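Please read it with the structure open beside you.

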Amino acid sequence: MSIAVAVEALSLTLGAVRLNKLDFRLGRGEILVILGPNGAGKSVTLETIAGFHRPDSGRVFLGGRDVTALPPEQRRVGFVVQNFGLFPHLTVAQNVAIARRAGRAAAGHDAGLPPHGDPEALLSYFGIAHLAHRAPAGLSAGEKQRVALARALASAPDLFLFDEPFSALDAETRDQLREELKSFLRALAIPAIFVTHDHDDALALADTVVVLRDGAIVQSGSAAEIFGKPANSFVARFVGVENILPGQVVAASDGLFTLAVGERTLRAASSANVGSPRHSILLAVRAENVTLLSSRVAAESPGAVNQLQGHVTGSRTIGPLVMVQIDCGFALKAYVLAPQWQAMKLGQEGTVLAEIAPDAIHLMSE
Amino acid sequence: MKFASGLCVALFCSIAVAPNVVSVVQATEPSTLTIYAAGTLAVPFRQLNALFEKNNANVTAQAQFGGSVMMAKRITDLHQDADLLAVADYSVIPKYMFASPAHAAWYAGFARNAITFVYTDKSKYAGEINAQNWYKILARPGVEIGRSNPDTDPSGYQTVQMLSLAEKFYQMPSLEQSILANAPLTNMRDTETSLISALQLGQIDYLAIYRSDALQHHLKSIDLPAKINLSDPTEAAFYKDGVAHTKNGDLFGAPIVYAITMVEGTKNAGLAEKYVALLLGPEGQAIMKNNGFGAFSPSYAVHIEAMPAELKKLVKPWPGS
Amino acid sequence: MTDVTASRVAPIKGRWQARAAPSRPGTLYLLCWFCGSLLLAFLVIPLIALATHQSAQNLGEVAGIADVRDAIALSLEGAFLSAALAALAGVPLAYVLARTRFPGKGVTAALIDLPLAVPHTVAGIALLMVFGRQGVFGEPLQALVGLKFWGTLAGIVVAMLFVSAPYTVNAARIGFEAVDPRLEQIARTLGLGPWRTFLRITLPLAWHSIMTGVTLTYARSISEFGAVVILVYYPMTAPVKIYELFLRFGLEQAAAAALLLLIVSLGLFVLLRALAQRGVPASGSR
């Protein structure tokens, strides 16, 4: 995949926010999600790429050009913000028509896509031609998103930037809009950078996820990698890993680890290159990967690896799941489907067996 | 924080209320005497008021100053309460206050004044001008002269009357016209004192004004001949030949005499009487003289029979009335 | 960018009904109306008293005096120029104040409010100092371009502008601050340069506030007396003429002329308000 967008060693200090040598690439049609807590510098990153802040050092490449010194209007970036930022004093058609870059070939302009200079065609493509003379205020969120996309597309962008466009919406609308957005972006094959603090956005949209903390990238990779194999405890906590357990490496060879956690021993299969014997280590285990067995079942398969006996210290129902808190020498959390939990008939203080598959244990050095 | 803002509110309220409280606490029956007076009387009357308050316990003498006609109209048209009216031109009183319904029944002259031109070091030809050549210099091109509106203000029409007298005195028929050419409408204001700052800032070179103002504002002035500067009551016959054509009709020259009257129906008649007596007496006359006004002793009055008994003693009948 | 359209379009009757339902908000609303009516009465009744003091004949007579008509026309002309200058220079200033941070910004904002606190005569004298025959601007301007401020329309405009410009700047600033900077950013990414962004996005969205400020400037300019009269007595603006009428004739004449001025001004304000409304978008954003 050819590189369509490149950010090289981007550094910036803007009041309290710093960006520290940010570096990432995007191919044509790829969606990058920037995840991070508030104040991490996500919006500032987008604004710098769009051209609203001059970086202290580093470069930005869009569509093969070095745009670092260019003002925003020359960069060919489409910007979609929270509540979609439609111009309230213009109709939908006027919003789309106001873009100024007709007569230039758009990156990602293929057969089947509307010519960017034609507002009417754009409206039809997004199925909002009937809204042409409406004012933005009365539109639904979905309609607004389409107008915002049509408008951004009208300026023939080389890159789309999304700054938490769904933050103010309810869950159902978010899901719907997310799916629509994904399908539009795939069809247009224009790269996009999407900023959010919502995990679902990242999981649903991302080809690549970049986790930002205090202006620096702490991990980047596919969504599966970030969520399944967080690089450190910060990322692990951020992506919602429920069990982060301190332990010691007892033995390690060929990707098989023997670990001591509290007074228990666990076996892990990890490709991570972390820790030699007697070193401290952190274990990350997602609650859904902790299986609960009743004692009877356990008795039928002795010798299974990573079976921990403990008792239930609490449980909480979260929708269709139950989060069960277990004390097995150390605190452990497990997700069980509600019907199964009912069937296990375990009350408080009941004895239970927790089992963790060796390859579900992810190891982190910090 | 809350305590501090509460304290501030309390402080503010007490400051607002305090004066009222204080005045209530003051001893028996305080009274206020209200005097409306011409603008040029501001300085001497403030001194007079201070003296009056010293002589009369529990009395406040409050004066408001403005154009003579304006102050008269505040009484006749706006029905504002005043006890005394003092004007720069005695004819203002019969013209506005005697008319029915009568707001006054008599008036007494208490000071004289003269028309003059004032100037500063910045004024054009300041080093050259004197009592002999003034009319030639003021007519030179480029000289800017300020004056007040003859239609609304005594010093305005008195200036024009003086210029028409000067024509006869120097036997120069074009004198008035040539000088007034340098005093166009744009240099005019409704009272001459409004133009003092313009003079000091160099916008105008010469200002037609009263001699008393020259002294009070420490400005240089020209000593115009007594025969034309409207200062001498004995020259009244000559003055009558001076004319100013205004929107109120033709006005003929008369000596500049400041006059005072008591407003009809005033509740402070006793105090007002005392005030007039002070003004007409030696102390009042001394104050007027020190401020550049001509003394007017003995005072002349019109409609003496209508005056309070104590004041009748202090005046003589106006010559020729 | 909240969804205001719906509530704006709803019929007044529906509004009353909707708000009467809960009793607590109803009491608040009534109280507001009560206090508001008091203030409205306080403002309107003196004007009505002025209006009913005259007969229509009196009004007609005064309207017939050429001097009076000229004075009103001069006031309107001066006020128009003053408002135009306030808009031309004040709107950019307001934009800078709204969008940028710089050392001394607080002081600058306070300075802009200062003319409102200066006594009018003092303002007039200060302007005379600067624009008069020997003033730091007045002298060179008169020598180079022949521009005089003493007794001219220029002087009238300068005095009016000094006392009324703050209204435009403050209102425009509030208008610009209410425009989401994100909208300007988006416009830039769409290819609009800084100028086009300002003209097509920022200005229309701030238009209503700006026009309110300009109207206030215009109104304040018409009524200014103290500062104008220091620089310009002739030709007479309406306030100066009214004062002169009072001195020469009395209350009746002056009040009639004043009423005439008020009627003309009222007509113009209605026009200006309509002009302000024209810029308001269908969505109801202010």
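1. A crossing of two helices is called left-handed if the near helix is turned anticlockwise from the far one by less than a right angle, and right-handed if clockwise. The crossing of helix 13 of chain C and helix 14 of chain C is right-handed, where helices (H or I, at least four residues) and strands (E, at least two) are DSSP runs numbered from the N terminus.

2. This is a predicted model, in which local features need pLDDT of at least 70 and side-chain atom pairs count only at pLDDT 80 or more, while totals for chains, interfaces and linings use all residues. Residues are numbered from 1 along each chain as its sequence is written, and chains are lettered from A and ligands numbered from 1 in the order in which they are written.

3. Helix 13 (residues 238-248) of chain C packs against helix 14 (residues 251-278) of chain C at an angle of about 160 degrees, with the axes 7 Å apart; axes are lines fitted to C-alpha atoms, for helices over the stretch in contact, and angles run from 0 to 180 degrees between N-to-C directions. These two helices of chain C are therefore roughly antiparallel to each other, a term for angles over 145 degrees.

4. Helix 13 of chain C contributes residues including Ile242(C) and Leu245(C) to this contact, and helix 14 of chain C contributes residues including Ala254(C) and Leu261(C), where contact requires C-beta atoms, placed from the backbone, within 7 Å.

5. In chain A, the domain assignment, which is automatic or from a database, gives domain 1 (3-233) and domain 2 (241-364). Six residues of domain 1 of chain A are in contact with six residues of domain 2 of chain A.

6. Between chains B and C, the contact takes 20 residues from chain B and 16 residues from chain C. Helix 3 of chain B gives the largest share of the chain B side, three residues.

Notes
Angles under 35 degrees count as roughly parallel, over 145 as roughly antiparallel, 65 to 115 as roughly perpendicular and the rest as oblique. Two residues are in contact if their C-beta atoms, placed from the backbone, lie within 7 Å.
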